[in-house]
Structures are given as structure tokens and as C-alpha cells.
Amino acid sequence: MPQLTAAINLKIIMPELMLLVAAFIILLAAPLTRKRIISPALSLIAVMVSLYFVIVSWNQQETGYFDMVVCDNFCLFCKLIFLLTCGTAVLVSRDYLARRGIDRPEYYALMLISTAGMMVMVSSSNLMVIFLGLEIMSMPLYVLAGFMRSNLKSIESSAKYFFMGAFASAFLLYGIALVYGGTGTTDLRQIFMSSGIALQKSQLYLMIGAAMILIGFAFKIASFPFHMWVPDVYEGAPTPVTAFFSIAPKAAGVAALLRIFMIGFGTVHAEFAPLFWILAFLTMTVGNLLALMQDNVKRMLAYSSIAHAGYLLIAVTAGIDEAISGALFYLLAYGFFNMGAFAILIIIENKSGGSNHIDTFKGLASRHPWLSVFLALFMFSLAGFPPTAGFFGKFYLFSAAIKAGLVWLVVLAVMNSLISVFYYLRPIKAAFFDHPDEDEDIRKPVVGPMVAVALFITISGTLLLGIFPGYILKLATSSVFMIL
Amino acid sequence: MVPVDYYIILSAFLFVIGVIGVIISRNLIIMFISIEIMLNAANLAIMAFSRHLKLMDGHVFVFLVMTVAAAEAAVGLAIIIAIFRGRESVDADALNLMKW
């Protein structure tokens with residue numbers, strides 16, 4: 001029985017707490033001030049303070065709240081990814097929202113609450129707390145998807161996301177109930193310890209429960225065959241929100257899945273490995289093949305995010321330490337370059353007045369050469385060319401999988417990456433080699449100061465991880481060995 | 001005492017009813033209620049296991065799940081109302097602006 005004194009440990013929930021406090025201050029201050037800049041500014045400050053608490057607690061192994069909340073390097077690395085995504089998403093949001101007249105403070109508050117939920121989700125080794133974190137993450141996302149209330153597409157996207165998400169949560173919860181019945185606990189380490197000696201019937205509950213938990217997470221990270229909602233939801237939601245939830249919830253889902261299946265279901269992981277193999281292969285193939293046929297860049301990036309979920313599932317299949325650190329590195333890299341690609345999409349969309357068609361990229365190089373160079377950088381990184389972050393992300397992930405003996409899966413993944421090059425090059429071709437249509441207005445796309453900062457962060461992240469990957473990989477590796 | 005298996009079979013039935021309801025129903029309200037049935041099936045299972053294993057934590061989980069279900073109801077009904085305002089219908093087939 002844990003000591004009662006260890007129950008409350010404010011230090012380890014400081015990052016979450018800071019975001020929540022800021023979210024409520026934003027909501028309370030909203031009616032008192034007319035300055036619209038206050039809410040994004042407050043959210044950025046909260047993100048930075050939270051980042052500070054993440055950095056100072058690095059390498060400090062602690063638990064609290066009756067072992068329900070843990071603070072290890074694994075969760076801190078994930079928190080870093082969420083905070084970077086949240087911060088850049090706030091930076092790219094303001095211009096977009098202001099142009100559509102939906103620049104309301106609730107937007108930023110919801111984004112902060114959702115990020116806090118993700119943090120709860122990764123920093124727990126208790127299935128029930130993971131479930132609660134997942135719900136805290138998801139609820140604000142349902143609302144954010146439908147934030148353009150007068151736009152039917154946005155509301156449709158919100159509804160589809162809500163019904164799919166709630167359906168998936170119910171599966172997850174039922175799985176947790178069965179695991180609880182099979183082992184008598186929801187704590188992952190105790191599940192691991194009791195699952196070895198469990199009776200036959202308990203083993204059955206455990207297996208069915210694990211399968212249902214997997215279904216729940218497969219919905220959340222958009223894995224095949226539960227990916228159908230993704231393109232619609234991503235297309236209809238406001239673009240900064242799409243950028244946010246193509247990265248952060250996926251990272252949270254993969255991190256929680258890794259923790260659950262590496263620690264809690266360690267004894268049954270071998271039985272699930274073939275299933276993960278098939279899921280990983282089908283997810284990336286379906287994502288890539290459907291992305292080939294898209295003319296809408298936002299929709300194309302939605303399918304590409306499905307493909308990236310497939311690459312990440314390789315890490316879950318492999319299940320060795322290198323694969324986990326590879327997945328963490330990949331998630332950080334993916335956060336940078338996917339956010340960068342969306343930032344450019346937002347700039348173009350602001351100019352074109354809401355269209356994401358590939359034609360809006362035509363002739364971008366002659367009007368705004370730098371922007372098209374950045375676009376090329378992000379697309380190359382998404383496709384996995386050196387010397388960008390995407391290359392090393394894939395490299396570490398695939399070499400870990402080879403080490404775990406998944407040679408065929410890696411061969412298929414490399415072939416998939418080759419397919420993906422084709423569609424990632426289409427916006428680059430449109431920007432550099434196509435001439436704009438006659439009636440196209442030739443104004444330059446406007447890059448506001450906040451978007452410029454976001455672009456700077458994402459570009460430097462993409463290049464730094466591509467040129468000096470060793471340091472970040474060392475951090476990712478040190479996160480794995482300290483999983484509680 | 002009723003064996004725990006009976007409760008689990010009942011809760012599995014409820015869960016399957018919920019899943020079928022979400023899949024075949026075309027009315028958003030009924031889909032929403034079906035999801036609530038799924039959550040409550042899980043609640044029943046947690047409660048039965050908790051009694052069977054003589055553990056108290058299951059009792060607390062049920063309260064947490066009820067809170068989540070309430071929050072889900074708030075968000076879900078708000079979204080359904082927004083859809084009704086937009087198209088005067090709560091039919092799932094009306095959500096057809098985007099197709100894959």
C-alpha cells in the first residue's frame with residue numbers, strides 16, 4: 001500500500017496545471033477585455049511556463065497520487081511534443097481565425113485543455129487515468145472541429161469526429177472493464193505481474209480486454225480499418241485545428257499504446273504482434289494509395305497522416321527499446337514538419353479565401369520564392385529525404401524494426417515511402433513548374449508575424465533534427481530506459 | 001448470490017445492442033443513446049467485477065465513467081443541435097457534404 005504522504009505531489013503535475021490555469025484565466029478574462037491578442041498571448045506564455053516545468057523535471061523519476069500519475073522521461077518527451085505542437089498551432093491560428101471572424105478566446109482555452117488531457121494520458125500507468133486523459137483530450141477536440149459554427153462542413157466534421165470518437169471510447173472503456181475483471185487491477189505494472197499467473201478464464205478476459213483497448217486506440221490514431229472518419233474530419237475542421245489534431249492526439253495515442261502494450265500487456269504482446277504487423281502494413285498502404293488520388297492538399301495531408309500512423313505502428317509491432325525511442329524521435333520530427341506543411345497551407349488558404357485545391361499552389365515560386373522553398377523542405381521531409389528530420393525518423397524506426405526481425409514489414413514500408421514521394425512532390429511541382437491560371441490574382445500571400453515565428457520554429461526543428469539527429473535520439477533513448 | 005458471469009453476459013449483450021444501434025441507426029439521437037448504452041454496459045461490468053473481486057476501486061471508476069458520460073452528453077447534444085440548426089434534420093445520411 002503506498003504511503004499517504006506520496007498521495008499529493010504537485011510538482012509532477014505542474015505542466016498540466018499551468019495549462020489548465022491559463023485556460024480558465026482566458027475564459028474568465030474573455031468578457032473583461034476587448035483586446036483579442038490577450039488570449040493567444042496568454043496561451044503562449046502558459047505553453048512556455050509548462051515547457052519550463054517539463055525541462056526542469058527531466059531525469060527525475062517520481063510518482064504520486066497513489067502511483068496513478070508517474071513522471072518519467074518517456075512522458076516528459078511526449079509532453080515536449082504536445083507543447084511544441086500546441087504552441088505552433090496557437091501561432092498559426094490567429095490570422096486564420098481573425099479572417100473568418102471566429103477569433104474567440106474559447107478556442108485557445110479548448111486547445112490548452114486538450115493538451116493538458118494528452119499530458120495526463122501519457123503520464124499515467126493506470127488504465128483508468130489513461131481513459132480520463134483521453135476523454136479530456138477528445139472533448140475539446142470535438143468542439144474545436146466544429147468551431148466554424150456557421151460552416152456546415154465544419155459542423156459535419158465535428159459530428160463525425162464526435163460519434164467516431166465516443167464509439168471508440170466506449171470500446172476502450174469496455175476493454176478496461178474486462179482487463180479489470182481479469183486481473184483485479186487497472187495499474188499496468190500490477191496487470192503485468194498478475195497476468196503471468198492468471199487463471200484460464202482471467203486470461204480470456206485479459207485477451208478480449210486487450211483487443212478492445214487496441215480497437216479503441218486504433219480509432220484514435222486513425223489506423224486501418226478505423227480510418228474512414230479521418231479525411232472528412234480533417235477536411236471540414238478549421239485548418240489550424242486540423243494541423244493540431246493530425247499530430248498531437250496521434251502522438252498521445254501512440255505513446256499510450258506503447259506504454260500499455262509494453263508494460264501492462266507485456267505477457268500477451270507476442271500474441272498481438274502478428275495483428276500489429278497486419279495493421280501497420282494495411283494502414284500505411286491504404287493511407288498512401290488513397291492520398292495519391294487527392295486534389296485537395298488538406299485531404300491529401302489527412303491521408304498522409306494515416307500513412308504516418310502506419311509507420312508508427314511498426315514501432316508497436318517491434319516492441320523493443322530502440323523501436324520506442326525511434327517512435328519518439330519520429331513523433332517529434334513529424335510534429336515539426338507536418339505542422340510546417342500545415343502552416344504553409346494556412347498561408348495559402350488565407351490568400352485563396354478558403355480553397356485548399358492543389359491549383360492554389362500554382363506559380364507560388366514566382367510570387368513568393370522563400371515560401372515555396374519552405375514548402376519543398378517540408379514535403380521532402382514528409383517523404384523522408386535526407387537531410388531532413390523525416391529521413392532520420394524513418395531511418396531509426398526502420399532500423400529498429402530490422403533489429404526486431406521485421407524485415408518484410410520494413411521492405412513494405414520502404415516501398416510505401418516511395419509511393420508517397422509521388423504525391424508529396426505534386427504541390428512542389430505546382431509551386432515551381434506550373435503557371436498560375438489567367439484569372440488568378442497575383443497578390444503575394446501574406447505571412448503574418450505569428451505565422452512567421454511558427455514557420456521559423458518548424459523549419460529549424462526540421463533541419464536540426466535532420467542535420468544533428470544524435471542529440472535528440474540520445475534524449476529519446478534515455479526516455480525509454482526509464483519507463484516506470 | 002448471482003454468479004458474476006451472468007452480469008458479464010448481460011453487460012456484453014447491452015454492449016452489442018449499443019454497437020448495433022450505432023451501426024444501423026440513421027438517427028443521430030438514437031446513435032448517441034446507443035453510445036450511452038455502451039458506456040453503461042461497461043459500467044455494469046466494472047461494478048460486477050468489483051463486487052465479485054471484493055475491491056472498492058471499481059465503485060469509484062463507475063463514478064468517473066458517469067462523469068465522462070455526462071460531459072459527452074453535453075458536447076454531443078450541442079453538436080446535434082448545431083447540425084439541426086444547419087439543416088433542419090438529425091439524420092445521419094444528411095452528413096454528406098464530404099465523401100471519400
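Leaving aside neighbours within four places in sequence, P140(A) contacts L110(A), I113(A), S114(A) and E135(A) in this predicted model. P140(A) lies in helix α5 of chain A, which spans residues 127-145. The briefing covers this residue and then the interface of chain A and chain B.

- G117(A) stands 23 residues from P140(A) along the chain, and the C-alpha atoms of the two are separated by 9.4 Å.

**Extent of the interface**
- Contacts between the two chains involve 39 residues of chain A and 43 residues of chain B.
- About 3700 Å² is buried between chain A and chain B, and 80% of it is on carbon and sulfur atoms.
- On the side of chain A, the residues that lose the most area to chain B are F163(A), Y174(A) and Y180(A), which together account for 20% of what that side buries.

**Polar and charged links**
- The interface of chain A and chain B holds 1 salt bridge.
- A salt bridge joins the side chains of E156(A) and R87(B), at 3.5 Å from N to O.
- Between the two chains, 5 residue pairs are in polar contact.

**Make-up of the chain A side**
- Two or more residues each come from α5, α6 (152-183), α8 (200-220), α9 (229-236) and α12 (297-318) of chain A.
- Helix α6(A) gives the largest share of the side that touches chain B, with 21 residues.
- By class, this side of chain A comprises 24 nonpolar, 7 polar and 8 charged residues.

Methods. Residues are numbered from 1 along each chain as its sequence is written. Chains are lettered from A and ligands numbered from 1 in the order in which they are written. This is a predicted model: local features need pLDDT of at least 70, side-chain atom pairs count only at pLDDT 80 or more; totals for chains, interfaces and linings use all residues. Side-chain values use heavy atoms; hydrogens and water are left out. Helices (H or I, at least four residues) and strands (E, at least two) are DSSP runs, numbered from the N terminus. Contact means heavy atoms within 4.5 Å. Buried area is the accessible area (1.4 Å probe) that two parts lose on being put together, summed over both. A salt bridge is a side-chain nitrogen of Lys or Arg within 4 Å of a carboxyl oxygen of Asp or Glu. A polar contact is a pair of N or O atoms within 3.5 Å; within protein, one must be able to donate a hydrogen and the other to accept it, and residues adjacent in sequence count only if both atoms are side-chain atoms. Ala, Val, Leu, Ile, Met, Phe, Trp, Tyr, Cys and Pro count as nonpolar, Asp, Glu, Lys and Arg as charged, and the others, Gly among them, as polar.
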